[in-house]
Amino acid sequence: MPPDRSSEERGAVSIRSIGTAVPPTVLEQPRVAELFSQQPGTSRLAQRLIASAFGASAIDRRHTVIPELDGEARPDPVFVDVAAGSILSPSTGTRNEVYVREVRPLLREAAEAAIAAASGLERGDITHVITVSCTGFMAPGPEYLLVRDLGLAPSTRRLHVGFMGCYGAFPALRAAVSTCVAEPDAVVLIVCVELCSLHLRTSEDPDTIVASSVFADGAAAAIVSARPAPAGETVLDVDRLDTTLTATGEAEMAWTIGDLGFEMVLSNAVPRILEEQIDEALRPLLEAGSSSPPEEGWAAIRHWAIHPGGRAILDRVQRALDLTDRQLAPSREILRSYGNMSSATVLFILQRILTGSENDPEPELDPAPDASDRVLAVAFGPGLTVESGLFTRRVVS
């Protein structure tokens with residue numbers, strides 16, 4: 001599906017590069033499921049719920065900043081007493097102390113990866129920094145740390161987007177685009193970093209069990225600018241960003257602060273609500289950006305980056321929009337290999353699409369190197385909120 005106007009004509013704001021980072025400790029899904037199901041006092045019903053949630057997650061492994069979850073005993077355990085086989089219950093303050101300590105290296109690693117991948121740009125070109133996180137708090141914040149750790153100018157303008165959940169990358173991207181429209185020479189660094197595993201807990205509550213089976217840690221960074229990119233570079237032009245609230249579901253996805261960590265509500269009604277309302281929520285993107293016959297519908301969008309809040313969400317959205325397995329492959333692969341990293345996840349998927357490395361079961365359908373393709377990205381969060389974006393993937397001529 002070709003863009004309605006050339007990117008040069010419209011002075012496109014583009015995602016120039018994306019970099020990612022994950023902590024070294026790997027959570028193998030079967031082993032973590034066993035740990036949760038063997039907690040003292042866990043009822044048979046809860047054990048069945050744990051086996052079902054973890055087994056149906058479509059996740060093989062995740063990453064965490066908690067070394068104790070690797071199964072090796074350590075002195076003075078905080079989160080897991082491996083010797084006793086017990087998941088512990090540290091306070092919210094203790095969990096947040098780990099956030100403050102562990103978030104910094106991930107921020108920097110993802111940012112440096114994005115900078116290294118942005119041809120024609122250097123860290124000295126960065127004029128603005130935007131960070132996103134909903135899994136911890138500190139001041140000075142993550143955006144301050146990045147300016148210091150990357151050696152950016154003290155005058156670099158900063159913004160932190162906090163506690164917005166899995167769709168947080170989109171408000172950050174919207175702010176970056178507005179900045180680049182107002183200041184055409186701006187170069188904006190966005191970094192989403194989430195340490196969801198800090199809030200894992202043992203429970204017999206179905207919502208908590210589901211959350212424990214899918215959430216993980218990771219960081220992703222994007223460089224956004226309206227500056228012309230070098231010839232031959234592949235970019236994602238930002239064509240349109242949109243947001244909407246679903247008609248129902250305000251209580252079905254929520255994120256609150258408790259005494260023993262942040263408490264996630266992820267109702268099993270969420271996939272059904274999204275299936276019923278996703279077409280209407282995304283329709284403005286299709287109608288505003290399409291130059292193809294209306295009957296082509298969603299088939300006109302070649303690449304999809306759907307936030308994998310869970311396997312059921314991907315299944316329901318695929319069915320509602322009649323998408324192919326090929327179109328869902330990047331989202332399913334990120335879910336399988338990394339789990340749900342909240343706001344960082346959609347950038348992991350977009351990175352695969354940007355670099356052409358998506359897990360494609362039909363490689364013969366890949367576009368020619370000089371082709372332009374439409375990309376639709378969407379993420380869901382508390383509310384229910386649906387944030388989405390339409391992009392054009394192109395090779396600069």
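## Residues with positive phi

Ala 58 sits in the loop that runs between helix H3 (44-55) and strand S3 (61-64). In this predicted model, the phi angle of Ala 58 is near 60 degrees, a positive value in a residue other than glycine.

Asp 322 is not a glycine either, and has a positive phi of about 55 degrees. The loop that holds Asp 322 lies between helix H9 (311-321) and helix H10 (325-338). With a relative accessibility of 67%, Asp 322 counts as exposed.

## Cis peptide bonds

Ala 139 and Pro 140 are joined by a cis peptide bond, with omega about 0 degrees. Pro 140 belongs to the loop between strand S6 (128-133) and helix H5 (142-149).

Gly 383 and Leu 384 are also linked by a cis peptide bond, and here omega is about -10 degrees. Leu 384 is placed in the loop between strand S14 (373-381) and strand S15 (385-395).

## Surroundings of Ser 37

Ser 37 is part of helix H2, which spans residues 29-37. Its relative accessibility is 17%, so Ser 37 counts as buried. The side chain of Ser 37 comes to 3.1 Å from the backbone oxygen of Glu 34.

Apart from neighbours within four places in sequence, Ser 37 has contacts with Thr 42, Gln 47 and Ile 50. Glu 204 is 167 residues away from Ser 37 along the chain, and the C-alpha atoms of the two residues are 9.8 Å apart.

Note on methods. Residues are numbered from 1 along each chain as its sequence is written. This is a predicted model: local features need pLDDT of at least 70, side-chain atom pairs count only at pLDDT 80 or more; totals for chains, interfaces and linings use all residues. Side-chain values use heavy atoms; hydrogens and water are left out. Helices (H or I, at least four residues) and strands (E, at least two) are DSSP runs, numbered from the N terminus. Buried means under 20% relative accessible area, exposed over 50%, partly exposed in between (1.4 Å probe, protein chains only). Contact means heavy atoms within 4.5 Å. A polar contact is a pair of N or O atoms within 3.5 Å; within protein, one must be able to donate a hydrogen and the other to accept it, and residues adjacent in sequence count only if both atoms are side-chain atoms.
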